[in-house]
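Here are a few notes to read alongside the structure.

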Amino acid sequence: MTKKKILAYNRVSEPVLHDLQQKYEVEFFKHVDTRNDERFLQYLHQVEGIIGLELKVDKMLLDRAPHLKIVSNVSVGYDNLDVTALTKRGIMATNTPDVLTDTVADAIFGILIATARRIPELDHFVKRGQWSEFLVPEQFGVDVHHKKLGIIGMGRIGQAIAQRAHFGFDMEILYHSRTRKPEVDTKYRATFCTLDALLAHSDFVCLITPLTPETEGLIGKREFKLMKKSAIFINGSRGRTVVEEDLIDALEKGEILAAGLDVYKQEPVDPLNPLLKMQNVVTTPHIGSSTHETELKMSQLAAKNLEAGLNGIKPPNLINPEVWGD
Ligand SMILES: NC(=O)c1ccc[n+]([C@@H]2O[C@H](COP(=O)([O-])OP(=O)(O)OC[C@H]3O[C@@H](n4cnc5c(N)ncnc54)[C@H](O)[C@@H]3O)[C@@H](O)[C@H]2O)c1
Ligand SMILES: O=C(O)[C@H](O)CO
């Protein structure tokens, strides 16, 4: 019997890829120009399944994949997928929620602390051999514990951040999300509020929504102006939820104190991006879920979704249940 053809893209853990290769014909592509890479386009024409990270799946790509049944993202975010176009063609789309929640919350909390306590900057100071006298107040950071944390997007990861903030750091939590979550209010002593109230009152503003037409450019000039001058802004969602030029402007003008960023408008980030030159900005290269343990779990879950879809079983993390007739 001929094996079903699968296209693997960008990041799929080695043991998972190996396992898939036993059962399917798998071609792995690292980074491709999806419009012009001949090998990619020829293989795409034959595949029934795609598994991988951040492949831009749009109408043009779908037109070139007539046998495609399922696209299995190795990520919880799925802004890389044109879900409407997939659904119209009856193609399943899946993601990897839950398995990464705690890992991403750890990373975001780490970035928050690193920014508040200026850890990367002072690490460089020590390693450059500049630590010759006692620290001066210009090098001090700000406290995290007992401060007000504003979380925009109180979903799975937002709640895991709230858990760390409440139980670990006794922080007061404000949140803004599509709906109020009474269980979150009770569990973490959190207060649901408008976006503007959150921005005006928070010491730390943490953005962790998905990227959607509603959240694209959610935080820009007006929103930075509403924040306290002492506010620290943390973005763990996607780069385009923020107007990056406005963030740069707000930091340059001292409208906010500092920023901790895991995501950018363009990734990998342009080496000339002014954010990279700012001492009060902590940058990480989209590391939210990137631990050995969690990347493996994400790949395993993505493979489970893929195999279910290919074999006529409803995938556990179907994003567009309409294609299943639900
Ligand atoms: N930095 C990283 O490495 C990394 C890792 C994982 C996820 N993420 C990002 O985090 C996002 C959230 O993941 P999750 O598992 O918590 O998802 P989730 O669906 O559980 O939570 C998202 C929350 O955002 C809220 N939301 C949606 N639109 C909103 C809006 N316009 N205003 C306010 N709130 C809004 C939703 O109501 C929901 O509560 C992902 O979609 C992804 O973009 C980043
Ligand atoms: O959305 C996610 O799961 C992450 O950002 C992928 O790295």
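1. A word on terms before the ligand: a residue is counted as near a molecule if its C-beta atom, placed from the backbone, lies within 6 Å of it. Please also keep in mind that this is a predicted model.

2. With that cut-off, ligand 1 is surrounded by 30 residues. The closest are Gly-77, Gly-153, Gly-155, Pro-210 and Gly-288. By class, the shell around ligand 1 holds 14 polar, 11 nonpolar and five charged residues.

3. Where does the shell around ligand 1 come from? Helix 7 gives the largest share, three residues. Domain 1 (5-97 + 293-324) and domain 2 (101-283) each supply at least three residues to this shell.

4. Those two domains are the ones into which the protein chain is divided. Their centres, taken over C-alpha atoms, are 32 Å apart. Contact between them involves four residues of domain 1 and five of domain 2. On the domain 1 side, the touching residues are one nonpolar, two polar and one charged.

5. The crossing of helix 5 past helix 7 is right-handed.

6. Which residues meet there? From helix 5 come Thr-101, Asp-102, Val-104, Ala-105, Ile-108 and Phe-109, and from helix 7 come Arg-156, Ile-157, Ala-160, Ile-161 and Arg-164. This contact comprises seven nonpolar, one polar and three charged residues.

Terms used
Residues are numbered from 1 along each chain as its sequence is written. Chains are lettered from A and ligands numbered from 1 in the order in which they are written. This is a predicted model: local features need pLDDT of at least 70, side-chain atom pairs count only at pLDDT 80 or more; totals for chains, interfaces and linings use all residues. A crossing is left-handed if the near helix is turned anticlockwise from the far one by less than a right angle, and right-handed if clockwise. Helices (H or I, at least four residues) and strands (E, at least two) are DSSP runs, numbered from the N terminus. Two residues are in contact if their C-beta atoms, placed from the backbone, lie within 7 Å. Ala, Val, Leu, Ile, Met, Phe, Trp, Tyr, Cys and Pro count as nonpolar, Asp, Glu, Lys and Arg as charged, and the others, Gly among them, as polar. Domain bounds come from an automatic or database domain assignment.
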